[in-house]
Amino acid sequence: MTKRQDESALDASIRIDHLPPEGRDLKLSANAEQRAALAERLMISSVEKLDVTLNAAPFRGGIRVLGRLIATIVQPCVVTFVPVTQDIDEPIDRVFLPGREKQHTPGAEVFIDMEEEDAPDYFEGPEVDLTELIVETLSLAIDPYPRAPGASLADIPREPADEPESPFSSLKSLRDKGDKS
């Protein structure tokens, strides 16, 4: 993964060379500019708060990242369009292994654990950028259909559906006038 150059982007990179056995901690609190950029990327009204605590520890030749994401977001209600606030508290548990090509050599057996929830992610070099992990965790936790308290589809006034005008509707009126049989 490559490090982002954009100043408004989150910077959640961690060097893993000489990683101590207990791991390395990373604490991140997004500033206003980063939260605004994140809200735009996720196409929501705003990200009011984003705090992430992670621990990256050595794991099977790579690293295992454990932690928690706590956020508060605002997006419009799908019924009334009033702003709806959602508090998010998500655990993070992801494994990163070095280079994909090292994992799958032709003719080699590949072990797939069907009980494991996620396949590992891969990285190159001595640094892992955990930014996409944070954005992915947040985006998957967002309610795709937020509703304001008490909002119901039954409250939406329904207008009778007008029949769309077809190209033949004017011909129908001519036929009705000229048809005397």
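**Contacts, cores and a buried threonine**

Author: In this predicted model, Leu130 is in contact with Ala12, Ile14, Leu26, Leu54, Val65 and Phe96, when its neighbours within four places in sequence are left aside. Leu130 is also one of the residues that touch the most other members of the largest nonpolar core, along with Leu50, Leu69 and Ile134. That core has 34 residues.

Reader: Which elements give two or more residues to this core?

Author: They are strands E2 (24-29), E3 (46-59), E4 (62-76) and E5 (83-98), together with helices H1 (32-42) and H3. Another core, of five residues, lies apart from it and includes Cys77, Val79, Val84 and Ala151.

Reader: Why is Thr137 called buried?

Author: The relative accessible area of Thr137 is 12%. Buried means under 20%, so Thr137 is buried.

Reader: Where does Thr137 lie, and what does its side chain reach?

Author: Thr137 belongs to helix H3, residues 131-141. Its side chain reaches the backbone oxygen of Leu133 at 2.8 Å, and the limit for a polar contact is 3.5 Å. Beyond its neighbours within four places in sequence, Thr137 is in contact with Leu69, Glu90, Pro91 and Ile92.

Reader: What makes the charged end of Arg64 count as sitting over the ring of Phe59?

Author: The charged end of Arg64 is 5.7 Å from the centre of the Phe59 ring. The definition asks for a distance within 6 Å and a position within 35 degrees of the ring normal; the charged end of Arg64 does sit over this ring.

Reader: How many aromatic pairs does the structure hold?

Author: It holds zero aromatic pairs.

Methods:
Residues are numbered from 1 along each chain as its sequence is written. This is a predicted model: local features need pLDDT of at least 70, side-chain atom pairs count only at pLDDT 80 or more; totals for chains, interfaces and linings use all residues. Side-chain values use heavy atoms; hydrogens and water are left out. Helices (H or I, at least four residues) and strands (E, at least two) are DSSP runs, numbered from the N terminus. Buried means under 20% relative accessible area, exposed over 50%, partly exposed in between (1.4 Å probe, protein chains only). A polar contact is a pair of N or O atoms within 3.5 Å; within protein, one must be able to donate a hydrogen and the other to accept it, and residues adjacent in sequence count only if both atoms are side-chain atoms. Contact means heavy atoms within 4.5 Å. A nonpolar core is a set of buried Ala, Val, Leu, Ile, Met, Phe, Trp, Tyr and Cys residues joined through side-chain atoms within 4.5 Å. Rings of Phe, Tyr and Trp (its six-membered ring) pair if their centres lie within 6.5 Å; planes under 30 degrees apart count as stacked, over 60 as edge-to-face and the rest as tilted.
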